[in-house]
Amino acid sequence: MKHLLAYLTLALAVAFAISPAFTDPFTGFEENQLPIPQIDPPIQPAGYAFAIWGLIYGWLIVSGVFGVWARAGDDGWSRARVPLSLSLLVGVPWLAIANASAIWATVAILWMAGFALLALINAPRDDRWWLQAPVAIYAGWLTAASCVSIGTTLAGYGVAFGSFGWAIAGILLALAVSLLMHRKRPEAPEYLATVIWALVGIIVANGAAQIWISGLAALGIAALLGAAIFGLGKRSV
């Protein structure tokens with residue numbers, strides 16, 4: 001069963017990586033997907049930031065290959081593979097879902113993020129670069145992306161706030177989840193680094209035109225860097 005799970009995880013990682021070739025590109029929700037169109041919402045990072053998917057796809061496949069070759073029956077890897085596979089299972093059709101429905105895309109990415117975080121929590125501390133690091137980057141980006149999806153969709157339906165308010169709320173939510181996750185797995189700085197990458201993208205996208213959004217993102221980066229440095233100091237002691 002453990003060996004089968006190892007092969008399944010690798011197969012899902014490959015399917016996840018090649019899935020963009022079989023669906024239309026997704027660059028944000030279209031005008032007709034939301035009652036209040038969200039064109040370049042302030043919570044969305046600049047386009048270049050999404051290039052991190054190339055790293056995520058490649059590293060998850062390398063991790064899967066190594067896992068099949070050298071850790072197929074490993075208990076620690078198996079505990080992480082179950083939630084990782086559940087996340088990737090929804091990740092494979094996610095682009096198609098996102099092109100069809102903003103609500104279901106948000107539900108799907110929350111599923112993906114939740115199980116990715118669970119995979120990181122269960123990832124063994126050994127084999128850091130083979131499993132923990134790629135899962136941490138995957139979970140970090142999904143933490144940010146799920147908050148972007150929540151903020152964009154709720155703003156698009158006119159729930160409580162407009163796009164500005166949901167940008168603030170989404171950044172604060174991403175920071176809260178990131179800091180809680182860092183407390184759980186302080187030895188996985190790649191997770192915080194990925195969330196910081198997303199926050200930098202938000203600053204680049206908004207610049208001085210949305211100074212409050214950019215300023216909050218900058219404060220968030222400072223908070224995450226402080227948490228990472230404090231965590232390193234604490235572990236060294």
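In which hand does α5 cross α7, left-handed or right-handed? The crossing of α5 past α7 is right-handed. This is a predicted model.

**The α5–α7 pair**
- Two packed helices are described by the angle between their axes and by the distance between those axes.
- For α5 and α7, the packing angle is about 20°, and the axes lie 10 Å apart.
- Angles under 35 degrees count as roughly parallel, so α5 and α7 are roughly parallel to each other.
- On the α5 side, the contact is made by Leu117, Leu120 and Ile121. They meet Val177, Met181 and Lys184 of α7.
- By class, this contact of α5 with α7 has five nonpolar residues, one charged residue and no polar ones.

**The largest nonpolar core**
- The largest nonpolar core holds 61 residues.
- Tyr138, Tyr191 and Leu199 touch the most other members of this core.
- Helix α6 supplies the largest share of the core, with eleven residues.
- Leaving aside neighbours within four places in sequence, Leu199 is in contact with Ile171, Leu175, Ala217, Gly220, Ile221 and Leu224.

**Two loop residues with positive phi**
- Aspartate 127 sits in the loop between α5 (102–122) and α6 (128–156). Its phi is near 55°, a positive value in a residue other than glycine.
- Alanine 160 belongs to the loop between α6 and α7 (163–184). Its phi is near 65°, again positive in a residue other than glycine.
- Exposed means over 50% relative accessible area. Alanine 160 has 67% relative accessibility, so this residue counts as exposed.

Notes
Residues numbered from 1 in each chain as written. Predicted model: local features only at pLDDT ≥ 70, side-chain atom pairs only at ≥ 80, totals over all residues. Heavy atoms only, no water. Helix = DSSP H or I, 4+ residues; strand = E, 2+ residues; numbered from the N terminus. Buried < 20%, exposed > 50% of the residue type's maximum accessible area, 1.4 Å probe, protein only. Core = buried A, V, L, I, M, F, W, Y, C linked by side-chain atoms within 4.5 Å. Contact = heavy atoms within 4.5 Å. Axes fitted to C-alpha atoms, helices over the stretch in contact; angles between N-to-C directions. Parallel < 35°, antiparallel > 145°, perpendicular 65-115°, else oblique. Left-handed = near helix turned anticlockwise from the far one by under 90°. Nonpolar A, V, L, I, M, F, W, Y, C, P; charged D, E, K, R; others polar.
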